[in-house]
Amino acid sequence: MPTFTRLVRFSAGSQSHYGDLLAFTDGKYTVRKLNGNPFTKLETTEETVQIDTLECPLESTPVIVCIGLNYNQHAKEANVSIGHLPIPTYPAVFTKPADALAGPFEAIDIHPDARELLDYEGELTIVIGIDAKNVSEEDALDYVLGYTAGNDLSARNFQLPEASGGQFCYAKSFDRFAPVGHVIVAACEIPDPQALKLTTKVNGIVKQETSTGDMIWSVRHIISHLSRGTTLRKGTMIMTGTPSGVGYFRKEFLKHGDIVEVEIEGVGATKNRVRHN
């Protein structure tokens, strides 16, 4: 059995700690402190603390792997709007570097060149718990540490075919362009990752709302596909794709001061403000 149900990370003094979130009341998080880290050994303690805020639930990641066009409704809106995006045989895969990782409540500073067409993408995010290679779909979930909510922020002006040649990575790889959290829910607590509700709000208005059951490639399929002849290192985060309703197809883009919330019901939630410095 895992030593946590809802893994969080928090600061106490000058040190950062992992913990198991027990409750949130009156603006305070009650957390049982854990010793160690989730990729070597976590040990539970009897010490509980109350804290005001949570950090990114992982201190770092080897890489963030992302899946494109993985919801049926999103693929349909893309094809209708662009007119030449048929569903491929295999998932579209791209990556974000480790420095894209951000906490669930951080303000995200946006480089001036990335502001013109800044977009949100709410996504169910997988955290790999042990190194995985050549994993079958049947065994795929055994390699999952847990699940969290994520926002695949995207500078669409760098993603347009005429700017990028069809490549996604650069547009999505700016520092802090992958806020995740606020918790990582243990894999054993999520019996079916294809039965989760995802909601994205901008300034309190719902922009995306769907079930992960609309995914074209399931969590099992994604892990198996990504591990084919390739090692997925423990700590790797996989953003599994976004549903319909992104800003690009609404002709609505994020501006200074906008607040983006991504919630996976029963899993986690992020709330990040866009900031132009």
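**Fold and local features of the predicted chain**

His 182 is found in strand S13, which covers residues 178–186, where helices (H or I, at least four residues) and strands (E, at least two) are DSSP runs numbered from the N terminus. The peptide bond that leads from Gly 181 to His 182 is cis, with omega near -5°. The structure is a predicted model, in which local features need pLDDT of at least 70 and side-chain atom pairs count only at pLDDT 80 or more, while totals for chains, interfaces and linings use all residues. Residues are numbered from 1 along each chain as its sequence is written, and side-chain values use heavy atoms, with hydrogens and water left out.

The protein chain contains five helices and 18 strands. Its radius of gyration is 18 Å, close to the 19 Å that the globule rule gives for 277 residues, so the chain is as compact as a globular protein of that length; the radius is taken over C-alpha atoms, and the rule is 2.2 Å times the number of residues to the power 0.38. Along the principal axes, the C-alpha atoms of the chain fill a box of roughly 60 × 45 × 30 Å. Of the 277 residues, 52% are buried, a term that stands for under 20% relative accessible area, with exposed meaning over 50% and partly exposed in between (1.4 Å probe, protein chains only). The accessible surface of the protein chain comes to about 12400 Å², and 48% of this surface belongs to carbon and sulfur atoms; such areas come from the Shrake-Rupley method with a 1.4 Å probe, and for residues only the protein chains shown count as cover. Among contacts (heavy atoms within 4.5 Å) between residues at least 6 apart in sequence, 72% join residues at least 24 apart.

Five strands form an open sheet with mixed pairing, in the order S8-S18-S17-S14-S15, where two strands pair if DSSP finds at least two bridges between them. At the edges stand strand S8 (107–109) and strand S15 (205–211), each of which pairs on one side only. Neighbouring strands of this sheet are turned by 20° against each other on average, direction ignored; the axes are lines fitted to C-alpha atoms, and angles run from 0 to 180 degrees between N-to-C directions. Strands of a sheet pair through backbone hydrogen bonds, either parallel or antiparallel. Strand S14 (residues 197–202) pairs with S15 in the antiparallel sense over six bridges, and Leu 198 stands opposite Thr 210 in S15.

Ser 227 counts as buried, since its relative accessibility is 0%.
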